[in-house]
Amino acid sequence: MDFLAKLGVVIKNQDLLMTALTHSSYANEENVDSYERLEFLGDAVLELATSEYFYLHSDLKEGDMSKVRASYVCENALFEYSNKIGLTENIRTGNGVSNQTPSIVADCFESVLAVIFLEHGFSVAKKYALDIIVPYIKNKVLFIHDHKSYLQEMVQMEKKTLEYVVVSESGPAHDKTFDVDVIVDGIKFGSGSGKSKKEAEQNAAKDAISKIA
């Protein structure tokens with residue numbers, strides 16, 4: 001399949017690969033196996049590959065590594081990767097179930113990774129995963145929607161203080177723009193703007209997380 005070939009991976013066991021792309025809704029209709037067991041294995045392979053990467057390529061502490069890694073292996077991230085490489089269009093689902101469902105797509109990404117691991121071993125599976133993920137890490141792409149909550153969790157791991165400070169307001173009353181700084185232990189970590197204080201705080205938190213990542 002193209003999404004494997006363009007990353008230099010060839011799978012001989014095509015039956016197992018198709019299983020990795022088969023949701024339970026399709027499996028039940030056609031009396032075939034679904035990806036569920038493979039997804040269990042692929043999840044572990046993905047966690048090890050990304051954990052090793054952050055251990056070797058960052059100086060982050062354990063808690064921070066966990067938080068940053070979580071951003072790149074979450075459902076939103078795996079959905080993005082799968083669409084980018086063309087994996088999604090190969091997923092088989094039953095009647096009334098969309099193969100664009102983020103949770104299903106994310107599971108299939110991990111299941112395919114398990115197939116690569118079973119046929120080629122960890123080094124090839126790791127290279128496949130990191131060839132896809134690392135460009136997002138280097139470009140500091142974030143897959144988190146609630147940046148404030150994520151930053152709060154990161155800060156709590158280190159028992160640090162966190163506050164948001166409105167540094168300026170501009171524009172007429174009906175169309176204001178707020179500029180906010182996020183302060184961690186007295187140090188400015190990020191800044192952001194928005195049409196509301198909440199939006200500005202979210203953007204400031206996003207800025208801070210991108211710098212930490």
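Reader: How many Å apart are the end C-alpha atoms of helix H7 (residues 102-120), and what span should its residues give?

Author: In this predicted model, helix H7 runs over residues 102-120 and holds 19 residues, which at 1.5 Å a residue should span 27 Å. The separation of its end C-alpha atoms agrees with that expectation, for they are 27 Å apart.

Reader: Which helices are included in what covers the buried residues of H7?

Author: The buried residues of H7 include Ile104, Val105, Phe109, Glu110, Leu113 and Ile116. What covers the buried residues of H7 includes H1, H2, H4, H6 and H8.

Reader: Are H4 and H5 parallel, antiparallel, perpendicular or oblique to each other?

Author: The axes of helix H4 (residues 36-57) and helix H5 (residues 62-73) come within 10 Å and cross at roughly 130°. Angles over 145 degrees would count as roughly antiparallel, and 65 to 115 as roughly perpendicular, and the two helices are therefore oblique.

Reader: How do the residues of the contact of H4 with H5 divide into nonpolar, polar and charged?

Author: From H4, residues including Leu46, Glu47 and Phe54 meet residues of H5, among them Met65, Arg69 and Tyr72. The residues of this contact divide into 7 nonpolar, 2 polar and 2 charged.

Reader: Is serine 210 buried or exposed?

Author: Serine 210 is found in helix H10 (residues 197-212), and, once its neighbours within four places in sequence are left aside, this serine is in contact with Lys140 and Leu142. Because its relative accessible area is 15%, and under 20% counts as buried, serine 210 is buried.

Technical notes. Residues numbered from 1 in each chain as written. Predicted model: local features only at pLDDT ≥ 70, side-chain atom pairs only at ≥ 80, totals over all residues. Heavy atoms only, no water. Axes fitted to C-alpha atoms, helices over the stretch in contact; angles between N-to-C directions. Helix = DSSP H or I, 4+ residues; strand = E, 2+ residues; numbered from the N terminus. Parallel < 35°, antiparallel > 145°, perpendicular 65-115°, else oblique. Contact = heavy atoms within 4.5 Å. Nonpolar A, V, L, I, M, F, W, Y, C, P; charged D, E, K, R; others polar. Buried < 20%, exposed > 50% of the residue type's maximum accessible area, 1.4 Å probe, protein only. Expected span 1.5 Å × (residues − 1).
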